[in-house]
Every structure is written in C-alpha cells, then in structure tokens.
Amino acid sequence: MCHALFCFTVTAPDLPILERKNWLIYLLYVRQDYEECKAVIKEQLQESQGLCEYAVYVQALIFRLEGKIQESLELFQTCSILNPRSADNLKQVARSLFLLGKHKAAIEVYNEASKLDEKDWEISHNLGVCYMYLKHFNKARDQLNNALELNKHDLTYMMLGKIHLLEGETDKAIEVYKKAVEFSPENTELLTTLGLLYLQLGDYQRAFEHLGNALTYEPGNYKATLAAGSMMQAHGDFDVALSKYKVVATAVPESPPLWNNIGMCFYGKKKYVAAISCLKRANYLAPFDWKILYNLGLVHLTMQQYASAFHFLSAAINFQPKMGELYMLLAVALTNLNDAENAKRSYEQAAALDKSNPLVNLNYAVLLYNQGDKKGALCQYQEMERKVNALKESSTPDFDPEKMVEVAQKMGVALQVGESLVWTKPSKESKSKQKAAGSGKSSSSQQPLGSNQALGQAMSSAAGYGKTMQLPTGAGAAAPAAKPPSLPLEPESGSEASPEETSAPPEAEEERKEKQQSQEAEE
Amino acid sequence: RAGLARPRRSLLFPRQQIGLPCSAPAALGAQRAGRSWGFGRRCCSCPAGRMGLDPLFHAWSYFRRRKFRQCSELCSELLERPPGNQMFYFLLYPVQAAWSLKTRALTEMVYVDEIDMDQEGIAEMMLDENAVAQVARPGTSLKLPGTSQGGGPSPAVRPVTQSGRPITGFVRPSTQSGRPSTMEQAIRTPRTGLTARPITSASGRYGRLGTASMLTNPDGPFINLSRLNLAKYAQKPKLAKALFEYIFYHENDVKNALDLAALATEHAQFKDWWWKVQIGKCYYRLGLFREAEKQFKSALKQQDMVDTILYLAKVYLRLDQPVTAMNLFKQGLDRFPGEVTLICGIARIHEEMNNISSAAEYYKDVLKQDNTHVEAIACIGSNHFYSDQPEIALRFYRRLLQMGVYNCQLFNNLGLCCFYAQQYDMTLSSFERALFLAENEEETADVWYNLGHVAVGIGDLNLAYQCFKLTLVNNNNYAEAYNNLAVLEMQKGHIEQARALLQTASSLAPHMYEPHFNFAILSEKVGDLQRSYTSAQKSEEAFPGHVDTQQLLKQLKQHFAML
C-alpha cells in the first residue's frame, strides 16, 4: 500500500488545488498522529467540497483503525466513485465488506478489482480467505496458491495451512508450514504452529526444535512455552516444566490448559492434593473441557476416591461420549464402588468404542476373573492378545508399557492354570492377591512408565479432539445417543476397598497426561 | 474458550436493623432519668389502689420487658385522666413521667441503629459533590475500586458487582452498590431491576424503616411538633433527651430535632457531648458533612466513645476518604483495644477498596474477639470459596448453621461448597432446602442459577439448560443466566440464539465482561469484525486484565491496520 501512497504524492508535480495538502495528510497518517490528521483532512475536504480523493481515503483508513468499519466502507465507496479506475479503492471497499462479515459481497468486489489489476497477490489472497469463510475450500485453496505464485507471504501460508487443517489433511498442512518457515524463519507464529503439528504427529525431535526456535525469537510466547513445558513433562522433567509454567502463569493466570498442565505436573511429582486443586481450578475456568475432567477422574482414582472419580468421569463422558478409555476408567471406578454389573456394561461400551486398545480387554478380563467368570476372562484375554499382535504388526514403536505386559503375563498364568485344572481354590485366591499387591506397587514405583506411549495417545486424541471442536454440530448431535446407562451413585466415597477389589484398578491406571495445547493448536 | 459466568453466591443477610437496643449512651441517659421518676412516683401511689400496682410503674415494667405497645397505651390512659384524680402533690411529675415514658416507648418501637443504616439515594449518588477529590488517586478512594492491590482473586474467578468490586459474602446497605456512572445504572440496583433505590435518602428509606410517621393515631399525633415550645423543653435536659429521640426517630423531623438539640446544647453550655453527637447526626442527615465532622470531633474530645468514632468514620466514608476513616478506626482501637465494631469497620473498608486479603485478616481478628460474628464468618467463608478452598468455606458456613442462621442464602452456599468440595450426597438436599426457604423470586432465581452450575459440573447440559431457564422464569433480569444460556446454545451450534441472548445479557449487566467477550468471540467467528471489536473493547473496559480479550483486540487491530 505504501507504493500506492507514494503514487498519489509523486504523481502531482504541479499540485492542483485539491491535492495540495496530500503530503501533510500522508505524513501525519504515517506518524499515527490521527487527531491532527483528521483536522487537516476536514479542512482539505471543506476546501475541495469533498472531492479530494486522497483525503477521503485516509479518513476511511483512520475510521477503520478506530473500528468504525461501516463509516469507512461508505467513504471508500465515495473514493471508488471519485476514481473508478483505481483497483486500490475497490480493494478497500471489498476489504471493508470482508471485515463486516459480508463475504459474498466482498468476493464480488474483489472479482471486479481483479479485472482492473490482474497481478495482485493481495486480491487473490483475500479472495481465498473469503472463500474459506464461506467454506468453499477448493476455491480458497486455488486462490491462495495463486497468491503464492504471485508473491510469497507469511499470511498466505498461514491461511493455506489453516485450510488444510480444516479439511483434516495434517500432512499437507505441515508441508505448507515447512515452506513458510523456510521462507521466513523468524516468524514465531509459524514456528509454533509447525511445532504443535509435529507434536500432534508424535515427532518430538522436530517439534522441540521448532518450538525452541520460536522461544529463542520470542521468549514470552505463551503457546510455545506451554507446548515446550508439556514436552518436558512428558519426559518426566517435572521441575523444569513447572518453572516454565510459572513464567506463563504470571502472564496468563486464567488459562485452563495451563492449570491442567500444572496439575498433571504435580500429579507426576505425586503431590496429589496440589494436583487436584490445580485441576479443579482448570475445571472451574473451563467447565466444558472433558480432558480436564478426565485428568481429575484419573487423579481421584489414584487417590482411591472412587465416588468423586465416578462423577468426573461421567461428566467427561457427557461431553465426549465417543472415547473408549473414558468408559474404561469409569468401569474401574464402578468396580471399586462394588457395582460390577454396570462396570461390565461400561467395559463393553469401552471395547465397542475403542477397537485397538488392549488395556480395555485386560482390565475387563481381570474383573471377570475376580468375579469368577473364567470363561469370559479367557475370552477377553484372547481378544487382548489379538489386539496386541495387531498393534505389533502395525509397528507402533512406542507401544510397550512394561507394567501392562507384566500384569498380562500374570493374568495369562492364572488363566492357564485355570484351564489345566490344577489349581485349588485357596491357591488361586492367594495368587490373585499377590498379583494385586505386586502390580499395585509397580504402579506406584515406576511412575513415569511409557510416557512416550501415553503422550502419543494423548496427542492423537488431542488431534481427534481438535476435529470435533471444529464441527461442534456433529458432536452435539451425537452426544445423547451414546450416553452411558445412568448409574446410581454409591454414597460411600473413599471407603476402604477390600483386597479382592484392589486387584482390578492398578493396571488400568495407564498414565495419560498433557491434554493441553490441542486448544491452542486449533485456534 | 467462551467464558461461563461464574457461580455466584449470595449471602444476603440483611444487617440487623431493628430492635437491637444499641449501647448508645442516649438510651442510657434517658433510662436513668426514667427510673428516677418511677421511684418518686411509687412512694405515693399506693393509695390510688388499683390491683396494688401503680399504673406508672406497671407501664415502666412493660417498657423494660419491651412491650412498647402496652406501655404506650397505659401511658396514654394515665395522661388522659383528669388532673383531679391525680395526687395533689407532685402534681407535675407523674404527668411528665408518663409523657416521657410514652415518648420513649414510641421511639423504641421504631428505633433504628443509626450507625449501620445508610442508604444512598439516587440524588446523593449522582449529585455527589462532597468528595474531596473528584479524580482521586488509586487506593485513596472508594470510587475507583479498579486495581486490586491485595492480590485477591481476579474477576475471572470471583464475580464482580456493578461497581467492579468482587462480590462479597455479606450484603450491607450501602457498600454493594458503589457509585454508578450513569443514571440508568443508578436506577437499576446492583443485582436486578426489581427494587429501585429511593430518590433521596431524606424522603425514602428513613421514613420507611421507621414507619411510625405513617401510622396514624385516631387522636392525631402524640405530640404536635409545630406547637411545641422547643426553648422551654431545652431547659429541662432530662425531658429534652427523650423528646429529641422521639422527634428524630419517630417523627423523622430532622430540622426540628436539630433546633431542639441546638437549644439544649446551648443550655448545657456546650459541655454535654451527647448533644454534640446528636447535632452531628442531624447534620449528617441533612447532608452537611463538614459541620457534622466538627460536632463529632468536638464530642470525641470531651468523651471517648466508640459510637462517636463510628459516626465520624461514616462521615469520612461519605466524603470518600477511606484512608482517613481507617486511621480513625485504628486510633480508636488504641483506646478501645479489641472493639469488634472498629475492627469490622476496618475490614469493610479494606473489602470495599478491593483489598480482599487484608480484609480477611481483619475479619479473622473480629472472630478472635467475637466468634459468633455473622458478617465476619460469612465474608471469610466466601473468600475461601473463591480462592479454591471450598472445604474450608464449608466449615465456616456450617458454623453459621450451628449458630442458628437458617435461611435460603446459607443453604445455597452450603450446597455450592458441598458440590465443589465433592460432598455429593449433601449437595442436592442443601439446594432443595434453599429452594424451600426462598422468600422471594430473586432468591429462587439465585438457587436455580447455582443449580445450573452444578448441572454443568456433572456434564448434564440439558439439565443445566433447564435450570438457567428456570432462573429466568423467576427473575427476568438475571444477566448471568442469559450469558450461560448463550454459551450452552453456542455449544449446540445455535449461533443466532446465542447472539440474541448475549445481547440481552450485556445490556442488562454492562459490568460483566463475560457477555461482551463471548459476543466478541462469536462475531469474530462469523467474520463480523466490527461488532467483535466494539464488544471486545467493552469487555476490556470491564476487566482490563483479561488476556484473551487483549489477544483478540490485538488480532482485530492487526486486521484493521492491514491494508
């Protein structure tokens, strides 16, 4: 636009009376001395009886800066009447329409402008953005690519990447962002977005690289700090992560993801009460976020406050009815509340929703086994093995929580013993108890187990979450259908669980953390 | 992202206003006088011989037992008796005694503690020219609660009132309203549009609280003020005090009361501090704060009294000099260590200046002196609730329950605390009882609103929707409920409904940032950046520290600046 401004001033060698003060207006506008500028414009317009195009133009720009878009649109329209040959005027009219949310009208005007000026990246870019708002993604992509050919620009890359994300093509989005980062390596926003995308895909090395770069260029970047902190958290560096969060907390004290992460840091450090209070604050700030509720449920399960855990988990299910793991945790809570019937139903629901997670079947098997239903347990056990094998075949590298394997082996032993009919009743009891004790210990001692796997899961679920967030109608419509059976609440909360009961939960507590930055990512 | 308005708890205990015979020296002095007449009469009344009990003494006994109606009836009987039936000696005294006793009985019937009662009318608020500095520095004025210095919870956690103060645990007559900036805000009360404030205090609340001037006696008023020779009564200090209180409280005729007091203090050669305090009270009512200050100060010089300090502090608060008032309280505490009303006064000032944490400290001091102080317990409880400690808040509210407070607000708060402290078994029963105890529709609306929050907490959005709807049925001006309904509609994807609801909410409660911010977000999503910008600006005005608003504004400004 600066070019355009110069054009006006330079192309007037013998200044006609109308244009006499253009230089002054320009100077004041560039200095951001808007009050003065307005006064000069007023004078100029009075002299010229409103015919000075440049004065009207700058006045309109000032109005826009003040947020008075409607007035500025009218002035730009006057401009384009005064000088119908200028593409700039039309572009500004279109832009005003765009800012007012009238995308269709804006597109029409932009098309007209493009007739006057074929090779303008700005027109193509803005057309693309308008199409994006109208959800014509194909046209939008074409226009944006067009703009990129004409002139490379960060903003165009951003929009293109956003469109790819909206369509769910993460790979293509990453390609776009990569090119963008090559083009302008110091743009922190691009760096952060790319880092977060890598994080979602589980490529920690590159994610860390990009986020680190973003932080070097802009140490106070809230999103990048949060993401970097969460990665440290994933690797068990809770103290470092906390120190990162401390910086963010002073800047953004009301951010729910931040409090969620801090809470999970404390959880990792086994400060459960602090964890609960942080998570509760997060929940207070964002009552609709199921991830916070999930974490709250998990922490309460660890604290053996099963009734509270049940509440948080059922609330989470109400908000996110399509996630198997929630049902699994709910089942664990129900088992501890002595409601085996509903626990079974919950497990079944979990298995139906989550086809690939062997933990569901393993926990179900343990429950059935403890109930004395050996056949069912065996069935679930085999199902679990099948899933594990399937996972191994698909070569998910980071699927191997040791504890799960350990428990699964014990379970297998117990079941096979059952098959060969060598066991006697007391021995089986003692075994299951022993197993319970062992697994319980392992859950408390080797705490940061399989953090990579957990993170991967968290990320993938985060990606899924991002998708549902953008299509709220679909999620809302599906919500009531998959509602869990309404379960009566057991009043005895925090009561001591009997030794038989403790055998079920520990292995279920596969730790899942850091469900943040999905919100950031989709913004 | 969209901010749900916070659950608000409303402990609206009205301050105890009527019936407490305050320890004011006025009451004491008059009592003494009354007693002496009683004795004087007794020795000669036995011959009159009715039931063996002298009627005047009987009346006196009624008065002591706070049966003021019977007392005044008996007194009027005595007064109506033809003089011939009276004893021939001490002729004057019994008449005077009965007259004085009746005056006092009538006064006591409508007595209102003058210290606590303070309702600013619209006129006082809008046309307030008493403040020393019109543009005060932050931290020295009650008008700009603005920046919180005490590290209290931010508006995102603790809801604020119309004037921008965090909501308190205890509603007091004058504090909650603050000073509104526009006439519309002044007419609307902080919570709702249901109860308007009086136009001016002189005509409104005082007259209504002491309803006596409205009650008509069949024989006309007991004392005809216009025919009273004030100068004559001012000569008799004992009678004059009772008469003054009658004129001040019962007749609510400040001008005549002031005349009487002025004459009386002249008669006492300006040596009676009691009269000075009374003159100060009259001046205060008339809005002559500087004169009132002079009188109270001079009274304090003669006699150190807690009451006088409280009156003087009230004057300073009215002049918008909270720091002076606080110093006064502190000086008072040096002379009366541990005086509850003084500590409580300091705590209130801190709270009004948005300095929540030190207010809590002082409230704790109050509790050390008087562990049944309802206001202190309620304020500390709500403070704990909003700083993420619902368990501790629950303990305080339980204490209130043990003390015998039994009302809708308390059960409402108990229910909320129970829910947030995960005592799920008690939550719903508490709310049920709160609903049962609700005295009016506004209270019912509050309870339903909080129930809506509970429903959101357990993830049952349909129930939440219904609860908020019920809130609106009970109180059509409940801005928070409109906002939350809009958020729920947004969740369902009904943009148009959400927009309409948000507009209603923001017009009803311009002091809340949530509806503005939500509207800004909504418009931004649709692409209507102009409206988004104006709403975001309003939101920033209501809550300058809100990071999301700031980010949104930054984004929008970039949009606008881009060519």
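Tutor: A residue counts as buried under 20% relative accessible area, as exposed over 50%, and as partly exposed in between (1.4 Å probe, protein chains only). The structure is a predicted model, in which local features need pLDDT of at least 70 and side-chain atom pairs count only at pLDDT 80 or more, while totals for chains, interfaces and linings use all residues. Residues are numbered from 1 along each chain as its sequence is written, chains are lettered from A and ligands numbered from 1 in the order in which they are written, and side-chain values use heavy atoms, with hydrogens and water left out.

Student: Is Lys172(A) buried or partly exposed?

Tutor: The side chain of Lys172(A) meets that of Glu169(A) in a salt bridge, at 4.0 Å from N to O; the term requires a side-chain nitrogen of Lys or Arg within 4 Å of a carboxyl oxygen of Asp or Glu. Glu169(A) has a relative accessible area of 25% and is partly exposed. With a relative accessible area of 42%, Lys172(A) is likewise partly exposed.

Student: How many salt bridges does the structure hold over all chains?

Tutor: Some of these links join into a network, one of which connects Asp88(A), Lys91(A), Asp120(A) and Glu122(A). Over all chains, the number of salt bridges is 20.

Student: In which helix of chain B does Glu108(B) lie?

Tutor: Glu108(B) forms a salt bridge with Arg66(B), and their closest N and O atoms are 3.9 Å apart. The two are 42 residues apart, with Arg66(B) in the loop between α2 (55-64) and α3 (68-80) of chain B; helices here are DSSP runs (H or I, at least four residues), numbered from the N terminus. Arg66(B) is partly exposed at 37% relative accessibility, whereas Glu108(B) is buried at 17%. The helix that holds Glu108(B) is α4 (residues 92-109).

Student: What is the relative accessible area of Glu375(B)?

Tutor: Glu375(B) and Arg348(B) meet through their side chains in a salt bridge of 3.0 Å, N to O. Glu375(B) is in helix α17 (residues 374-386) and Arg348(B) in helix α15 (residues 340-352) of chain B, so the pair ties together parts that are 27 residues apart in sequence. Arg348(B) counts as buried at 17% relative accessibility. Glu375(B) is also buried, and its relative accessible area is 3%.

Student: What area is buried between chain B and chain A?

Tutor: The contact (heavy atoms within 4.5 Å) takes 42 residues from chain A and 43 residues from chain B. Buried area is the accessible area (1.4 Å probe) that two parts lose on being put together, summed over both. Carbon and sulfur atoms give 56% of the area, which is about 3600 Å².

Student: Which element gives the largest share of the side of chain B that touches chain A?

Tutor: Two salt bridges are counted between chain B and chain A; in one of them Lys280(A) pairs with Glu391(B), the closest N and O atoms being 4.0 Å apart. On the side of chain B that touches chain A, two or more residues come from each of α21 (441-457), α23 (479-492), α25 (513-526), α26 (529-542) and α27 (547-561) of chain B. The largest share is five residues, and the element that gives it is α27(B).
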